[in-house]
Amino acid sequence: MEFLEVLSSRRSVPSFDPSVSIDRTVLLEILNTANLAPSSMCLQQWEYIVCDTPEAKARLQAASFNQKKITEASAVVIVLGNLKAAEQHAEIVADANMEAGYFGEDRRERWIASAKKGWPTERVERDEAFRGPSLWAMTFMLAAKEAGWDTAPMGGYEPDKVIAEFGLPETHIPVLLVAIGKANPEITLLPRVKRIPAETLAHFNNW
Ligand SMILES: Cc1cc2nc3c(=O)[nH]c(=O)nc-3n(C[C@H](O)[C@H](O)[C@H](O)COP(=O)(O)O)c2cc1C
């Protein structure tokens, strides 16, 4: 598919075909494509819980204002933001930088020390934990569309319930849910809601 076709055919589907399941190999391939998303210092602040059993999806639905598409979808990805990605990923990302030729052994330790210092404030730490995973979620939806799957992003969940139900550690916060599956063939999608034009939204060089 051409990029613009992927972009314009991606829709937040209101309902999924509940008879369709998704193979974990297929899902992992899409998840890996989404990992190409950019992130601050390439620290990849995302992680995800993939709910692909009826039981896990039912638990998630109960924490998400009973949104029916959660149990209809083939799988639902709980996109998590890792508040401590800098500390946890520093070594592995430093090694990947070395492998790609960005720096040598001499800079490795300094790079790791600088990353491990973390962010200057809790606010920046939280912002980063939303920024990277949000870009990841968008990339995931486009990668899914390219692979022939439909998706639906959902912010309608109760964070505290999701945290408790799925046993999230304090370092990881739920950022967004993304359901993946095949659109319910019995439902006709209304046209896409017209976007506010850039001419209205753009502020050139100052507010
Ligand atoms: C951050 C975010 C939260 C959303 N939350 C929900 C949700 O909880 N339930 C839902 O049905 N749709 C949800 N949506 C889908 C939007 O309503 C949808 O993206 C928007 O209407 C545009 O439609 P389109 O994606 O088909 O272009 C959410 C989308 C985003 C990006």
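Modeller: Start with the term "near": a residue is near a molecule or strand if its C-beta atom, placed from the backbone, lies within 6 Å of it. This is a predicted model, in which local features need pLDDT of at least 70, side-chain atom pairs count only at pLDDT 80 or more, and totals for chains, interfaces and linings use all residues. Residue numbers start from 1 along each chain, as its sequence is written.

Now the ligand. Around it sit Arg 11, Ser 12, Gln 67, Pro 153, Met 154, Gly 155, Gly 156, Leu 176, Arg 192 and Val 193. Sort them by class: Ala, Val, Leu, Ile, Met, Phe, Trp, Tyr, Cys and Pro are nonpolar, Asp, Glu, Lys and Arg are charged, and the others, including Gly, are polar. The shell then has four nonpolar, four polar and two charged residues.

Next, Glu 158. Glu 158 lies in the loop between strand 3 (150–154) and helix 8 (159–165). Helices (H or I, at least four residues) and strands (E, at least two) are DSSP runs, numbered from the N terminus. The C-alpha atoms of Glu 158 and Ser 64 are 5.9 Å apart, although 94 residues separate them along the chain.

Step back to the whole protein. It has nine helices and four strands. Their order is α-α-β-α-α-β-α-α-α-β-α-β-α. Of its 207 residues, 30% count as buried. Contacts need C-beta atoms, placed from the backbone, within 7 Å. Of the contacts with a separation of 6 or more, 82% join residues 24 or more positions apart.

Helix 2 (residues 24–34) packs on helix 7 (residues 122–146) at about 130°, with axes 8 Å apart. Axes are lines fitted to C-alpha atoms, for helices over the stretch in contact, and angles run from 0 to 180 degrees between N-to-C directions. Helix 2 and helix 7 are therefore oblique to each other. Under 35 degrees would be roughly parallel, over 145 roughly antiparallel, 65 to 115 roughly perpendicular, and the rest is oblique. Their crossing is right-handed. That term applies if the near helix is turned clockwise from the far one by less than a right angle, and left-handed if anticlockwise. Ile 30, Thr 33 and Ala 34 of helix 2 meet Trp 136, Thr 139, Phe 140, Ala 143 and Ala 144 of helix 7. This contact has six nonpolar, two polar and no charged residues.

Finish with the loop between helix 2 and strand 1 (46–51), where Met 41 sits. Most residues other than glycine have a negative phi. Met 41 has a positive phi of about 55°. Met 41 is partly exposed, with 17 C-beta neighbours inside 10 Å. Gln 44 is in the loop between helix 2 and strand 1. Its phi is also positive, near 50°. Gln 44 is buried, with 21 other C-beta atoms within 10 Å.

Methods. Buried ≥ 20, exposed ≤ 12 C-beta atoms within 10 Å, placed from the backbone. Contact = placed C-beta atoms within 7 Å.
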